Structures are given as C-alpha cells and as structure tokens.
Amino acid sequence: MKTLPSLLAALALLAPLLVAQPARAADDAPETERVQVATPYIELRTGPGRGYPVFHVAERRQWVVIELRRTDWYRVRVEGARSAAGEAVVGWVPREQLATTLTEAGTGKSFRDLVVDDYLSRRMEMGASWGRFEKEPTLKVWGAWRLSDTLAAEVSFGQVQGLYAGSSWWSMGLTSEPWSHQRLSPHFGIGVGRFRNAPNLSLVNAEATDANQAQMQLGLRWYFTRRFVGRLDYTRTTAFIADERNTEYRAFTAGLSFFF
C-alpha cells in the first residue's frame, strides 16, 4: 500500500513535467510598444524577478520599447543605449514601474488584468485534496495538462487509511470543463487505473485486492487569487475484483491546486 510519503514523491515526479513546458500565458507575443520614462528612472534587471541584479538604469525622458511579457515582468529595450560590447541594452522591468511611463500620445500606460488572463490561458496544474472515501479519511494528489480550453488530461494518486484496511489507487483520464472561462465552473471527468486494498493482518480470512478500476468524477472549481484554485470533487470508483464481481466506492474531497 502506498504511504503518504510515496504519494508526495509521486507528485514530485510530476513537477518536472509541469515545469518543463511553459504556460501559454507566460510569454506573450512581442508588444513592441514605445513608452517614455516619466519618473526619475526605472531599473532594468537581467531576468524577470527581483532576485536578478539591476544592471542598467533608464532615466527620465528616455524611450524604452516593450518587447515581451512574462507574468508581471516585461522585457524592454532602451532606445539609443548600448552596452560596453556595443549591443542594445535589453532588460526586465516589473509592471509597477512601467505603469508610471507615458505612451507616445502623452498618456499614462495602462495594463490589462494579468492575473485573470493567466488563469484563463493556464496550461498545467497540480494540487492536493482531502476528504472522505466512503467513511474513511483520504488524501489525493493530481497533475493535469490542458489539451484545449475545455479538455484536460489528468493523473491522480490517492490513499485511504481505514480502521480495518488501507487502500491506495492511481488513475489517468480526461476532464471536461465546458465553462472554463468563468471563475466558478463545474467539471466532469472519467478515468481508468488500479485499485489496491490491504486488510489488517489481524483480520481472519482477510484477502488483499489488486484490481483494475474505472472512475467517474463531478466537481466544481473556483479561481480565487493569483495562481491558486479551490476544487470540490465527488468521485465514484468501480473496482473490477473478478469477472462477475465489482465493488463500488464513493468519495468526497476538497482541496487546493496551483497552475502554470
């Protein structure tokens, strides 16, 4: 039977797959818009984050060209500026600094709501949830890859620690989210996998179960802040114990996921 550490290890194995593929919203198409520095200066960093060092300062009245966006950071090129090697000066500036610049029309630069846009164009997601499997406590972790705006492939792992037996399972399948553009939206899923049940050794005539399974899932997702999504699930699992014997289980879980 899988233990909690093994479940978390399985989730960790999914992380490189999720990180290896950039989210569609992470790098938008070049905007190539010119803006003028209106404050005493703005700072250019070597990468999109405050952990990267400042290597250049664009002063008041200088023009910079916005080339690319990555979440709340923008890659800009300073017009007329050259490095010691004779190359154009290109660096990263946070959104709040660019919000103080002026457009060519002399008006303040405005930005769209990046947070909601990133959610609507999310590609990868991973999370964990807790709840009840029949009447026993259960933990589930999952990772998902969106194939389209309304369809995603999902892999999940679960563990149930009962009083007389312990169970574990894994499943892979498809999840449909017809209203994925809304912050609160239902989803539906189906999947197949394996189900294992290990009774306590103290039980008389106890037999372990290792069988194929099928799952049907109904749920509700709620995007509430930054890169985090709340999730409620009702799952019905059918374990195919033998040719003429199936066992059904029901589970209710609530959890939290984050997306890329």
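User: What makes E8 and E15 count as paired strands?

Analyst: Two strands pair if DSSP finds at least two bridges between them. Strands here are DSSP runs of E, at least two residues long, numbered from the N terminus. E8 and E15 (residues 245–259) are joined by 9 bridges and run antiparallel, so they pass that test. Gly131, for instance, stands opposite Thr253 in E15. Do keep in mind that this is a predicted model, where local features need pLDDT of at least 70, side-chain atom pairs count only at pLDDT 80 or more, and totals for chains, interfaces and linings use all residues. Residues are numbered from 1 along each chain as its sequence is written, and side-chain values use heavy atoms, with hydrogens and water left out.

User: How do you know that E14 and E15 pair?

Analyst: By the bridges again: 14 of them join strand E14 (residues 228–242) to E15, and the two run antiparallel. Asp233 has Thr253 in E15 as its bridge partner. E14 and E15 form a hairpin, with 2 residues between them.

User: Why is the space beside Glu125 and Arg146 called a cavity?

Analyst: Because, on a 1 Å grid over the protein atoms alone, a cavity is a set of points where a 1.4 Å probe fits but cannot get out. The volume is the space filled by probe spheres set on the points, which are joined across faces, edges and corners.

User: What makes up the lining of the largest cavity, by class?

Analyst: There are 9 charged, 3 polar and 5 nonpolar residues. Asp, Glu, Lys and Arg count as charged; Ala, Val, Leu, Ile, Met, Phe, Trp, Tyr, Cys and Pro as nonpolar; and the others, Gly among them, as polar. E8 (124–133), E9 (136–146) and E10 (151–161) each supply at least two lining residues.

User: Which strand gives the most to the lining of the second largest cavity?

Analyst: That is E11, with 5 residues. This cavity has a volume of about 110 Å³, and 13 residues line it, Ser171 and Gln215 being among the closest to its centre. Its lining divides into 8 polar, 4 nonpolar and 1 charged.

Terms used:
Helix = DSSP H or I, 4+ residues; strand = E, 2+ residues; numbered from the N terminus. 1 Å grid on protein atoms, 1.4 Å probe; cavity = no way out; pocket = protein on both sides within 12 Å on 5 of 7 lines; lining within 4 Å.
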